[in-house]
Amino acid sequence: MIGAAWNLLLGVAWVVLTGDFSGRNLLAGLAFGYLVLALIQPQVPALAGYAQRLPRLIRFVGFFFKELLLANLKVAFDVVTPPWYMRPGVIAMPLKARSEFEIALVANLISLTPGTLSLDVSDDRRVLYIHAMFLDDEAELRRNLAELERRALELFH
C-alpha cells in the first residue's frame, strides 16, 4: 500500500512539475513513478514486492477476462440451443483465503462468472458453497475455481 501511495504522489508531482494536467500526462507520471520505485525497491524495505504486483495484476485480468468470455459463450450456447445441457448443482469448495477481504473477493469473482454463484460461507470461513449451472465434471469445476482463487490470492502475497 505504501508503494501505491508513493507512486500516486510521484505521478501527481510529475503532473504539477510539467504543468500539463491531462489524463495522458498523469498516466505517464504514474508509469515513470512506477519505474523509479522499481529501481529503488531493493534499497527501501517498505517497497518490497511492489514492482512485481503490476505484472501479476495484468496476468490476472487477462486470465479472468478469458474465463469470463468462455463462461459467457457456454451459457449463451445453452440458452439458444433447444436441448439444454445444464446440470445444476451445489458444491462445497475448501477455501485457501482466510481474511474477510480475500473471501469476499473470491466469492464475488465466482459470482461474476456466468454459470456460477457463491451461495454461502461456512461459519468457520473454510468452505464456500457454490451453485454451478454446469456440474457435468465436478473435479474440473473444482480445479477451475481453485485456479481462480489461487490467482486472486496471488495478487496480495
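How exposed is Tyr 85, by relative accessible area? In this predicted model, Tyr 85 comes out as partly exposed, at 45%. Its ring partner is Phe 77, and the two form a stacked aromatic pair, with 5.9 Å from centre to centre and 10° between the planes. Phe 77 is also partly exposed, with a relative accessibility of 46%.

That pair belongs to a wider set of ring contacts. A pair of aromatic rings is described by the distance of the centres and the angle of the planes. The structure holds 6 aromatic pairs. One of them joins Tyr 34 and Tyr 50, whose ring centres are 5.8 Å apart. Their planes meet at 55°, so this pair counts as tilted, given that stacked needs under 30 degrees and edge-to-face over 60. Tyr 34 comes from helix 2 (residues 23-40) and Tyr 50 from helix 3 (residues 50-80), so the pair ties together parts that lie 16 residues apart in sequence. As for solvent, Tyr 34 is buried at 15% relative accessible area, and Tyr 50 is buried at 11%.

Phenylalanines get a cluster of their own: ring pairs link Phe 60, Phe 63 and Phe 64.

Turning to helix packing, helix 1 (residues 2-18) packs against helix 2 with the axes 7 Å apart and an angle of about 130°. That angle makes helix 1 oblique to helix 2, because roughly antiparallel would take over 145 degrees and roughly perpendicular runs from 65 to 115. The crossing of the two helices is right-handed. On the helix 1 side, the residues in contact include Trp 6, Leu 10, Trp 14 and Val 15, along with the glycines Gly 3 and Gly 11. Helix 2 answers with residues including Leu 26, Leu 30, Phe 32 and Leu 37, plus Gly 29 and Gly 33. Tyr 34 is also part of this contact, so the buried ring that pairs with Tyr 50 sits in a helix 2 residue that touches helix 1.

Most residues other than glycine have a negative phi. Arg 125 is found in the loop between strand 2 (116-121) and strand 3 (127-132), and at 34% relative accessibility it counts as partly exposed.

Methods. Residues numbered from 1 in each chain as written. Predicted model: local features only at pLDDT ≥ 70, side-chain atom pairs only at ≥ 80, totals over all residues. Heavy atoms only, no water. Phe/Tyr/Trp six-rings, centres within 6.5 Å; stacked < 30°, edge-to-face > 60°. Helix = DSSP H or I, 4+ residues; strand = E, 2+ residues; numbered from the N terminus. Buried < 20%, exposed > 50% of the residue type's maximum accessible area, 1.4 Å probe, protein only. Axes fitted to C-alpha atoms, helices over the stretch in contact; angles between N-to-C directions. Parallel < 35°, antiparallel > 145°, perpendicular 65-115°, else oblique. Left-handed = near helix turned anticlockwise from the far one by under 90°. Contact = heavy atoms within 4.5 Å.
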